[in-house]
Amino acid sequence: MNISKMYPKPHPQTAGRVIDGEAVLILADSSEVNVLNQVGSRIFELANGNNSVEEISETIAGEYEISREQADADVREFLLQLVDQSVIILDEKEEDE
Amino acid sequence: MTGQAVDVNTNSYNDIVRRTRDEHRLFSVHWEITYRCNEKCTHCYLDVLPPGAKVPGELSTEEAKRVIDELAELGALTLSFSGGEVFLRKDIFEISRYARMKGFAVRYFTNGIMIKPQIADKIAVVKPVVVELSVYGADAKTHDGITQVPGSYDLTIRAVKLLLERNVRCLIKTPLMKENIHQIDALKELASDLGITFKYDLTVTPKHTGDLSPLRHRPSDDQLLDFLRERISAETFTPYPYNENARFCSIGMNSFDLGPYGDVYTCVGARITAGNVRQMSMAEIWDKSPVWSETSSLTMGNLPVCSTCELRQFCVRCHGTAACEDGDLLGCSSIAYREARLRRKAYLDNGGH
């Protein structure tokens, strides 16, 4: 699936906040409390419905000084894991301001 | 690069919660969304109102949503809806769903007696982290005697079952009183049979109005000593080491209590008012009220009586109870002192030294 033009945003039933750069999530189905690692937290923070997947990759590539190709692959893989865990959903359109 | 997507790291979570305490960042809110209740519990710390009472002062749905927006802006994560009885608010699901949409983890504290299949369905849609149901006895006679509502035990247990059928996580909790402390094993068994967690506490406090009448329901010294002797020994209990920086709770640090009329209190126990959301923004209350620093400085070393008390290694006090029952936020809590005395006796009786 090509998700690069999609806009990830938090799943409405996942409770989560980014606190000091670390995303604390409470998963809706299990009520488990989880904490994302540093890069994951940054991606979760950017997944706010206003940034497309490719825009998130671009930001991550810049901030972590990795190649765009690597960022594309890692961000995509990571976001799809979050989709599987109902942490985020992928929207076709950008969030209305 | 990103590693495992979701890092199940309890230490990391605890670190974050600790940091929110240390840095005075809001993390959790206990919201008494109504003082109306359909039970009349003998020991209740609130002066509850009848279920059908007209309460024009309660925050409206729109005001509640604004509060949620402001709490989200402050970074709070958990929101516990309590009462009174939360499900007497006709808009509770609209408010809850809004809170979930804003990224909050929602808890409900309820007696459960309004939870019929249709309500249970709605709760399941909200996907709360947990529904905590108050059970006051291991049988209908004990429970209904405390709630003063015949049939309430059966309705509460039915609620647990309806929620579990819908995969909603539940627990039951019991304040131990002279009427039910002898049933603790039966209560544990009840929870075990239902497949859920059981919590208890020994806290029976004055009413928030200062009325001391609930205190007559506290366990007697003999009851409490028997209870503690079964749980405390040299093997199972280590007297608390003295630390002048130790706190008894996180009052003033990363949480507060919000009342139905918009008053923000330091906590449920110590109802020190920080402001009202109708007069100030939540950020102003959280950032500017002096009560947070005043209460978060309540360390062992700053409590003149406690810091030199012979029982300090056995004592767990509630500042609010000290203020409400004994008249001094910084002074000795007589009920905590009694429990500490009995805790030490149980410890010494069971091989401690």
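Predicted model: local features only at pLDDT ≥ 70, side-chain atom pairs only at ≥ 80, totals over all residues.
Visitor: Which residue meets A:Asp20 in a salt bridge, and why does the pair join two chains?
Guide: The N to O distance of this salt bridge is 3.2 Å. A:Asp20 lies in the loop between S2 and S3 of chain A and its partner in helix H1 (residues 10-22) of chain B, so the pair joins two chains. The partner of A:Asp20 is B:Arg19.

Visitor: How many salt bridges are counted between chain A and chain B, and which element supplies the largest share of the side of chain A that touches chain B?
Guide: The count between the two chains is 3 salt bridges, and one of the pairs in a salt bridge is A:Glu22 with B:Arg19, at 2.8 Å. Elements that each supply at least two residues of the side of chain A that touches chain B include strand S2 (15-19) and helix H1 (38-46) of chain A. The largest share, 5 residues, comes from H3(A).

Visitor: What area is buried between chain A and chain B?
Guide: In this interface, 29 residues of chain A are in contact with 33 residues of chain B. Carbon and sulfur atoms give 55% of the buried area. The total is about 2,600 Å².

Visitor: How many residues apart in sequence are the parts tied together by B:Arg271 and B:Glu32?
Guide: These residues form a salt bridge, with the closest N and O atoms 2.6 Å apart. B:Arg271 lies in the loop between strand S8 (263-265) and strand S9 (273-276) of chain B and B:Glu32 in strand S1 (residues 28-32), so the pair ties together parts whose separation is 239 residues.

Visitor: Is B:Glu32 buried or exposed?
Guide: The class of buried residues requires under 20% relative accessible area. At 0% relative accessibility, B:Glu32 counts as buried.

Visitor: Which residue caps the N-terminal end of H5(B)?
Guide: The buried residues of helix H5 (residues 140-147) of chain B include B:Thr142 and B:Ile146, and what covers the buried residues includes strand S4 (130-134) and helix H6 (152-165) of chain B. At the N-terminal end, a side-chain oxygen of the capping residue lies 3.2 Å from the backbone nitrogen of B:Lys141. That capping residue is B:Asp139.

Conventions: Residues numbered from 1 in each chain as written. Chains lettered and ligands numbered in written order. Heavy atoms only, no water. Buried < 20%, exposed > 50% of the residue type's maximum accessible area, 1.4 Å probe, protein only. Helix = DSSP H or I, 4+ residues; strand = E, 2+ residues; numbered from the N terminus. Contact = heavy atoms within 4.5 Å. Polar contact = N/O pair within 3.5 Å; in protein donor to acceptor, adjacent residues only side chain to side chain. Buried area = accessible area lost by both parts, 1.4 Å probe. Salt bridge = Lys/Arg side-chain N within 4 Å of Asp/Glu carboxyl O.
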